[in-house]
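Thanks for coming. Please have the model open while I talk.

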Amino acid sequence: KVTIKGIERELICPACKELFTHPLILPCQHNVCHKCVKEILFAFEDCFADGGSESSNQSSPRIKISSSSMDRIDRVSRSGRKRNSLTPRSSLFPCPGCQRDIDLGERGINGLFRNFTLETIVERYRQAARAAIAIMCDFCKPPPQESTKSCMDCMSASYCNECFKIHHPWGTAKAQHEYVGPTTNFRPKILMCPEHEMERVNMYCEICRRPVCHLCKLGGCHANHRVTTMSTAYKTLKEKLSKDIEYLISKENQVKAHITQLDLLLKETECNSERAKEEASQSFGKLSHVLEEKKSAALRAIENSKNLRLEKLQMQAEEYQGLLENNGLVGYAQEVLKETDPSCFVQTAKQLHVRIQKATESLKSFRPAAETTFEDFVVDIAKQEEILGDLSFHSNGLEIPEINEEQSRMYNKALISWERPGKTDSADIYVLEYHKLNREEESATWQEIKVCSKSKVISDLDDDSSYAFRVRGYKGSICSPWSREVILHTPPAPVFSFLFDDKCGYNSEHLLLNPRRTSVESRAGFPLLLGSERMQVGCYTTLDYIIGDTGIAKGKHFWAFHVEAYSYLVKVGVVSSNKIQKLFHNTHDVTSPRYEQDSGHDSGSEDAFFDSSQPFTLVTLGMKKFFIPMTAAAPKDPASRILPLPSCLGICLDCDKGKVGFYDAGRMKCLYECEVDCSGIMYPAFALMGGAAVHLEEAVTAKYGEYHGDI
């Protein structure tokens with residue numbers, strides 16, 4: 001025997017959340033009240049007419065359409081379907097049980113079967129629930145008697161014993177009527193086909209999983225479907241259902257064990273939630289305590305400053321009050337002037353005269369003894385507000401990621417890499433946020449990117465700008481706090497891409513290019529020893545020059561490179577196309593004592609060594625130092641012109657303004673800038689001597705970021 005009250009959950013309509021009333025079986029095998037189906041369809045079609053507005057969801061107080069169903073309604077309404085105002089004709093029905101769109105076919109509601117079995121079970125449940133409430137006879141004179149039978153043939157009526165005998169006399173056709181116990185749930189003796197109302201269902205469609213009649217099989221929508229007899233379907237389904245029920249009953253102990261475990265988990269969840277609430281309350285209490293202390297300290301400081309300022313201003317007011325006639329200092333001086341004895345007068349007037357002079361000076365340059373504003377006591381809480389805005393729950397095991405500033409770089413694009421301090425409990429996904437630093441904007445708008453790896457390439461950033469980056473990890477619904485913000489600077493101009501030219505002036509005996517032409521190396525080998533013979537006549541060996549394979553005609557451009565720390569002498573800069581021949585075939589030895597820019601020899605005016613006779617604009621690097629050229633604006637002290645060599649150098653050429661700047665590419669800080677003649681096409685230029693090497697900075701690509709993350 002099954003306890004009726006224990007199955008209430010199975011008897012609730014998913015739409016109205018009440019006991020089923022005339023339930024209909026949907027094609028998805030879920031049950032919905034007949035009235036609920038009509039109301040949902042009307043609401044569905046109202047949404048078509050109203051463009052999916054939420055107001056149409058209030059058409060009936062009995063039903064509640066979920067947000068997912070409303071999304072589907074919006075989608076269908078945009079497809080252009082229109083509503084028939086008389087009856088719900090939409091073939092698309094949003095099932096409240098499985099949250100899917102169900103096609104009801106051409107007949108719509110009329111093509112659905114009524115679930116009489118479910119109705120009977122609901123009726124038994126209702127009778128068990130109301131127990132003492134009896135069903136009264138429909139034919140007794142008032143007061144009606146309690147019914148004892150319900151006739152299935154007499155218009156679904158209930159009778160007491162006397163009324164049943166009167167209305168079903170012996171020897172008549174009514175005496176053959178079928179009767180059951182008192183009930184309000186009446187079902188037909190024969191289940192009729194909803195599509196062919198005069199035909200009884202006698203087959204079961206295995207494809208559609210629903211009863212059908214012989215007309216449905218012959219020429220209806222089930223003509224090509226696999227069907228079986230109703231008795232066979234009944235026997236098969238009953239055996240399967242019985243076996244499944246027997247299996248579940250045999251696992252009763254296992255089910256009870258799971259129920260016991262779930263009860264414990266419920267209690268544990270309650271306890272843990274209370275503990276979490278208490279801990280959260282304590283955490284916020286600590287914050288409140290800190291804020292109260294800070295508030296008290298700030299108010300106390302303002303009050304002390306106020307008292308001190310009032311005291312100073314009051315004293316100053318009293319002093320100026322004494323400058324009035326017959327008052328204070330002036331009145332006292334007037335009395336001293338009445339003294340006729342010279343010695344006594346001099347004795348008193350000397351100190352008095354000093355005081356009078358001070359009062360006169362203060363009168364000429366009046367300034368209040370204290371400020372009236374309290375601008376220095378304004379509390380800046382912008383950062384604290386931002387931190388509190390990001391306050392969220394986080395797991396102790398989910399560590400805060402840290403942005404690796406050495407691996408992160410800013411060039412043509414931004415490559416942001418991060419790592420976690422520990423190697424366990426890594427996040428499932430990371431959220432990278434960044435925004436442009438702008439002094440004019442009070443509140444920054446962070447742009448968010450979800451990343452599955454530990455690096456990300458970001459493009460479309462503004463030139464000559466600063467950006468702040470931060471990252472946090474997520475593991476399910478748990479998130480870590482934000483990492484420390486890292487600020488990176490974009491290049492001052494678009495990045496210019498080129499390779500070293502292995503043809504124009506390239507000296508393969510002294511210089512060595514890599515196959516990609518992105519690195520050049522000058523090795524102090526045998527050719528350099530041969531050149532050292534020139535030292536007997538007072539000259540040094542010459543520099544070996546190499547230029548870029550692409551020139552610049554206009555605009556502003558930036559490129560970066562690395563100089564190896566062991567490099568003895570490297571010169572970098574730009575050269576004009578009309579001076580390239582002069583650069584490689586100059587009759588003068590540019591590194592001789594007379595022409596060496598940093599030699600210190602007097603070869604004319606040292607302020608004019610970057611004149612028009614020079615075929616290039618270069619600066620000198622070497623021995624881990626950056627040498628600022630001697631100009632009129634440069635410091636006279638040589639030590640002030642020597643800077644540490646940055647790990648990455650950059651050059652910014654502005655052809656429109658005729659200027660070239662040399663940058664610390666890591667911080668995007670300009671180290672030196674000068675004017676340059678851009679009348680021709682400009683090429684990047686490099687010069688090396690002795691052991692030295694230069695590597696061009698590689699452009700940041702998306703593949704580079706992925707490869708970098710794998711490492």
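Which cysteine sulfur is closest to the sulfur of Cys98, and how far away is it? This is a predicted model, so what follows are values computed from predicted coordinates. The closest sulfur belongs to Cys95, and the separation is 3.6 Å. A disulfide requires the two sulfur atoms to be within 2.5 Å, so the Cys98 sulfur is too far from that of Cys95 for a bond. As for solvent, Cys98 counts as partly exposed because its relative accessibility is 23%.

By the distance rule, the number of disulfides is zero. Cys16, for instance, takes part in none, and its nearest cysteine sulfur is that of Cys36, 3.6 Å away. Cys16 has a relative accessible area of 7%, so it is classed as buried.

Now the glutamate. Where does Glu697 sit? It lies in the loop that runs between strand S33, residues 692–696, and helix H13, residues 702–710. Is Glu697 buried or exposed? It is buried, because its relative accessible area is 17% and the cut-off for buried is under 20%.

Which side chains does the Glu697 side chain meet in polar contacts? One is the side chain of Arg409, at 2.6 Å. Another is the side chain of His562, at 2.5 Å. Setting aside residues within four places in sequence, the contacts of Glu697 are Arg409, Tyr411, Ala560, Phe561, His562 and Cys648.

How values were computed. Residues are numbered from 1 along each chain as its sequence is written. This is a predicted model: local features need pLDDT of at least 70, side-chain atom pairs count only at pLDDT 80 or more; totals for chains, interfaces and linings use all residues. Side-chain values use heavy atoms; hydrogens and water are left out. Helices (H or I, at least four residues) and strands (E, at least two) are DSSP runs, numbered from the N terminus. Buried means under 20% relative accessible area, exposed over 50%, partly exposed in between (1.4 Å probe, protein chains only). A polar contact is a pair of N or O atoms within 3.5 Å; within protein, one must be able to donate a hydrogen and the other to accept it, and residues adjacent in sequence count only if both atoms are side-chain atoms. Contact means heavy atoms within 4.5 Å.
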